[in-house]
Amino acid sequence: MAGSRLNYLTSNDWVLIQAKMLRRTFKLGEEIISEGEWVHSLYVIRRGEASVELAGTGSRAIVASLGPQDVCGEISFLGQCKATAAVIAGDEEVEVEEINIGELRKILEAFPRLASRFYLSLATLLALRLKETSGELAREMTLRDRR
């Protein structure tokens, strides 16, 4: 997992985290995370792609695509809240590594330097996603203004 998008974690950090991870496979269309539900795990996609989707009135909007090395469940982990979007398997098989949030918190409490690198990694990841989302919103607004 040294190639994960949690870029600041060391190989030793991953050894500790992987000891508590489970490998799971989701089939096309299955929910990895359900919008509006409590999320009990953090996921790292290992193989395949998934979509991040928001429910609308009668339809769903795809707001992001995730692939190998992407993390999901981080908003619920940080905010200790229900999922703000669904994550849906987009390939015949999507393989993820899953760690229970309670187990992850125990590791982070026991290893403060790992925790520092972990939270820095999440902050960097979220800043990048916000930048991408802001850019997409700006493009949409420009297109709307041209109409």
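Colleague: What order do the strands of the open sheet have?
Modeller: The model is predicted, so to speak of local features we need pLDDT of at least 70, and 80 or more for side-chain atom pairs, while totals for chains, interfaces and linings use all residues. Residues are numbered from 1 along each chain as its sequence is written, and side-chain values use heavy atoms, with hydrogens and water left out. Strands here are DSSP runs of E, at least two residues, numbered from the N terminus, and two of them pair if DSSP finds at least two bridges between them. The four strands pair antiparallel, in the order E2-E7-E4-E5.

Colleague: Which strands are at the edges?
Modeller: An edge strand pairs on one side only. That picks out E2 (31-33) and E5 (60-66).

Colleague: How many bridges join E4 to E5?
Modeller: E4 covers residues 50-55 and runs antiparallel to E5. One of the bridge pairs is leucine 54 with alanine 61. The number of bridges joining E4 to E5 is six.

Colleague: Which element supplies the largest share of the lining of the largest pocket?
Modeller: E4 and E5 turn up again here, each with at least two lining residues, as do E6 (71-72), E7 (86-89) and the helices H2 (74-79) and H4 (112-146); helices are DSSP runs of H or I, at least four residues. Of the 34 lining residues, the closest to the pocket centre are Val52, Ala64, Leu66, Glu74 and Arg129. Lining residues have an atom within 4 Å of a pocket point, on a 1 Å grid over the protein atoms alone, a pocket being an open set where a 1.4 Å probe fits, with protein on both sides within 12 Å along at least five of seven lines. The largest share, 10 residues, comes from H4.
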